[in-house]
Amino acid sequence: MKTINLRRYSQIRNYPKDIKSSILFLMVSFLCSLWGTAQTLIKGEIMDETGKPVAYVGVFIENTIDGSITDENGNFSFTSYEKGLHKLVASSVGYETIYSSVNLEGETVEIPIVLKESKEMIDEVVVTAGTFEANNDRKVAILKPLDIYTNSAAGGDIVGAIQTLPGTQKVTQETGLFVRGGDASESSIVIDGMVVQNPFFSNVPGVSQRSRFMPFQFKGISFSSGGYSARFDQALSSILELNTTDLPEQSNLNFNAGLSGVAVSGSKRWENSGVEVSGNYTNLAPFYSISKTNYEVYDVPEGGGFSGNYITKVNEKGMFKAFLKYDTYHNGITVPNPDSVGSEFDFGLKNQNTYFNSSYRYTREKMYAYTAFSYSNNNDDIDWGKEIQAGNDDWRLQWRGEIWYSFSDKLHLLGGIELQRFEVKREFDTIQQSFNESQMGTYFEAEWKPSRKFAVKPGLRIGHSELLNQNNLAPRIALALKTGKYGQISLAGGVFYQNPDNRYLLYGYRPDFQQAVHYIANYQWINNDRSFRVEAYYKQYIDLIREISMSDSTFTPNPYRYIYGSIDNSGKGYAGGVDFFWRDKASIKNFDYWITYSYIDTKRLYGNFTSEATPDFISDHNVNILLKYFIETLYVSVSTSYTYGSGRPYYNPEDTKFMHSRTPSINNLSLSISYLVTLGRWFSVFYVSVDNIFGWKNVYGYRYSYDGQQRYPVRPAIDRWIFFGANISLTQFSKDEL
Amino acid sequence: MYCTIVVSTLTLSAQDFEPTLAATLAQFEKDSTIEMIAATVNRFEMIAGKWNDQWLAHYYAAYGESIYTYIEKDENKRDAWLDKADIHLQQAEQLYGQESDELFVLRALLSSARLSVDPRNRWKEYGEIFDQNITKAKSINPANPRIYYLQGNSLYYTPKMFGGGPKNAMPFYEEADSLYQQMNIDSLGISPTWGKPQNTLMLGNCKESVTSE
């Protein structure tokens with residue numbers, strides 16, 4: 001091959017020696033020069049706005065194939081046989097396409113072009129004040145759902161994972177989510193827009209319980225620590241919004257076994273629909289056999305449950321979901337008697353919980369309509385000190401309908417109605433208490449984005465409570481401004497109403513709504529895998545419930561106290577603070593860490609408080625450090641987290657100032673390791689977690705005997721726990737289809 | 001000689017769709033640097049602009065753009081490339097006007113390119129779209145080798161612990177290989193034939209890692 005080429009090359013080089021060739025050559029040269037005048041050379045340099053040359057920009061005459069790309073130095077040149085006025089197109093991904101008029105007359109055209117960065121490359125502003133979102137639908141997010149599942153401090157509990165975010169307090173003696181100075185009653189958990197009446201396992205005096213939901217049931221998690229949307233109310237502090245997964249990816253079978261029991265789940269996927277079912281048997285005997293508890297567990301928690309999930313697409317545009325879950329369990333534990341400090345008593349519980357939720361979403365080009373219905377029922381049979389029979393019986397029905405309409409890219413409007421009816425019944429020995437409540441809410445929310453850099457979201461909610469015979473009007477607003485390619489400022493605020501705590505309603509009191517006003521300012525910076533967020537807030541509490549007959553001498557830090565005398569809405573308070581969040585998963589491959597710090601200053605006068613004070617569930621300073629490393633060669637994932645909380649207030653009758661004493665600080669270091677392996681066709685995960693590795697004896701407060709002479713520490717049920725288990729799953733394989 | 005070369009390139013560049021596309025495709029197979037690939041992809045786009053009514057022009061613009069995303073490093077830009085590819089694919093589908101295995105295969109290619117931008121968070125959504133299109137393509141023409149080539153790629157780059165890896169991918173590449181062998185090249189050389197050299201390369205990689213295990 002090479003020789004032939006060389007020969008041709010030499011023939012051409014020697015053309016003048018050959019007369020015939022030379023004549024031909026002259027003719028060709030002449031003809032070519034004629035054509036030469038007909039073609040135009042177009043050249044130039046392409047730079048961005050900062051003057052940096054841009055490489056590989058496509059440059060061409062529109063609707064022709066005359067064109068080229070720029071080189072490393074931003075230079076281009078090409079020729080065209082086109083004549084007259086044409087459009088020169090310069091196009092590069094990441095920049096706006098530039099059209100320049102060029103006159104092609106044979107004269108060389110030299111044209112410098114400056115490219116502007118495309119708007120699409122600068123992510124659109126998103127209103128974020130007050131909210132941590134873990135969502136796969138959005139490209140720019142501080143968290144992804146996976147981060148929630150793999151959080152070592154969470155112990156597989158969705159609320160446990162949320163408690164590692166800034167603005168929350170981890171509380172061991174009471175069940176619930178404590179956010180920015182708010183107590184457990186001030187947070188509401190919603191699934192697909194529907195309030196969950198009993199999101200946690202039933203309360204045991206002095207021992208916090210985990211939530212009933214596993215993280216992987218949800219595709220999107222949005223945690224608002226304030227300033228939330230007009231879609232919701234009845235929460236003075238926080239809304240934790242969970243959205244269930246859509247169609248299962250494919251059919252699979254999943255087995256899970258661990259120190260807490262066994263679970264089986266499976267999913268079946270058809271083209272447009274899917275079913276997921278699961279069943280579990282729970283028995284904590286193995287768990288308690290290796291972790292020492294501070295309280296005696298005389299009846300080891302044992303139970304079972306099942307859940308079913310049906311999802312189907314309806315005519316391409318609609319999506320129907322139905323979800324049913326049933327659990328039952330019993331347990332018995334000897335805990336400090338809240339009514340008699342210093343003594344312990346046996347608390348036995350048998351629980352049954354049913355939760356049903358169904359929803360339908362219809363989506364069209366410029367609108368969607370959503371409607372959902374839910375029903376839940378919870379029943380507790382309580383054996384109080386082996387003498388007294390007690391119990392709870394609650395149910396809730398809820399319906400929501402809403403329509404979202406997009407007038408243009410810049411303006412969307414959402415309107416909806418929500419109806420709820422629920423009953424709460426308590427029984428304690430011969431005392432029976434109950435109430436029925438019906439609530440209605442109507443809401444409107446607009447989102448106006450005059451540019452990609454600025455968004456405003458005003459909202460209004462009108463609420464009605466049948467029980468209190470009261471209406472409320474709650475305006476909300478949130479806005480966001482993009483300050484640069486990666487940063488943005490958001491502001492949010494609003495008025496939030498909530499019914500008085502159930503304990504007062506059960507006693508037959510019918511006071512007014514309690515109220516909170518939020519002011520939030522947030523700065524957020526996200527650059528690929530690094531994010532920083534700082535948020536300052538101020539929350540004003542108005543119309544909190546006070547038990548006014550309580551005098552200084554009768555204060556008792558007992559949540560099970562008997563309430564008598566009159567109550568009113570004269571309580572008040574405030575919470576102000578700053579939350580910091582920094583996350584970096586870019587610096588070291590397979591290494592991800594985040595650091596959060598929150599400072600809070602809060603005081604309130606409510607309940608049976610004798611004067612304004614910081615409640616006993618508040619640490620002024622909270623630090624959380626989470627490290628995750630994936631050892632690629634071994635398929636081992638290691639995650640560790642450290643939490644610190646400064647000392648918490650407690651009631652000491654000797655104090656001259658109410659709730660003035662502080663506990664020592666609270667520390668916890670946890671570790672979890674998981675190993676991923678495929679055994680045959682089974683994908684398996686083996687995991688082990690240790691909470692509070694060093695067994696630090698954390699004290700969350702003290703309770704004093706009536707004479708004030710003796711004090712007893714408030715301690716978690718377990719100082720250090722170890723958990724291990726395995727999960728194996730079989731996923732349908734396309735290999736068989738070959 | 002000299003003259004005919006000039007004349008032929010001239011007529012070629014100015015006139016005929018099929019030879020122009022065929023030459024560009026041949027060039028794409030030879031491209032070895034980022035700059036060369038960028039230039040050829042740009043040429044595919046110019047062809048789609050000039051012969052706006054040819055479904056294959058849009059088909060190859062979408063194909064070139066999705067291949068380019070594997071070179072591009074910026075995540076946002078990779079998505080922007082795929083946005084362009086989506087538009088070209090839609091135009092190709094409209095112009096073709098009926099279901100085609102090649103168009104489903106291309107849609108599968110685009111979804112796996114989307115997945116590769118952010119695998120950890122996108123595997124579920126785009127894995128599903130990938131599977132659906134592969135199934136549809138297979139139902140129309142199970143003898144299309146690109147179906148198995150793409151399935152092989154998808155498995156090859158799936159971590160072994162999730163059922164992927166060279167060993168699991170190999171049967172797909174083998175299937176694709178035997179179908180590529182039987183493939184007849186049409187006279188114009190512009191109907192989709194891509195993937196053969198890459199498949200051979202990947203099959204080689206698989207064999208190597210399976211024997212070294």
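A note on what I'm looking at. This is a predicted model, where local features need pLDDT of at least 70, side-chain atom pairs count only at pLDDT 80 or more, and totals for chains, interfaces and linings use all residues. Residues are numbered from 1 along each chain as its sequence is written, with chains lettered from A and ligands numbered from 1 in the order in which they are written.

Back to D429(A). I found it in the loop between β24 (411-428) and β25 (431-451) of chain A (strands are DSSP runs of E, at least two residues; helices are H or I, at least four; both are numbered from the N terminus). Most residues other than glycine have a negative phi.

Next I checked Q234(A), whose phi is also near 60 degrees and positive. Q234(A) sits in the loop between β14 (218-224) and β15 (238-244) of chain A. I counted 20 other C-beta atoms within 10 Å, so Q234(A) is buried.

Then I turned to chain B. The axes of helix α4 (residues 55-68) and helix α6 (residues 101-117) of chain B come within 10 Å and cross at roughly 25 degrees (axes are lines fitted to C-alpha atoms over the stretch in contact, and angles run from 0 to 180 degrees between N-to-C directions). So α4(B) is roughly parallel to α6(B) (under 35 degrees; over 145 is roughly antiparallel, 65 to 115 roughly perpendicular, the rest oblique).

Methods
A residue is buried if 20 or more other C-beta atoms lie within 10 Å of its own, exposed if 12 or fewer, and partly exposed in between; C-beta atoms are placed from the backbone.
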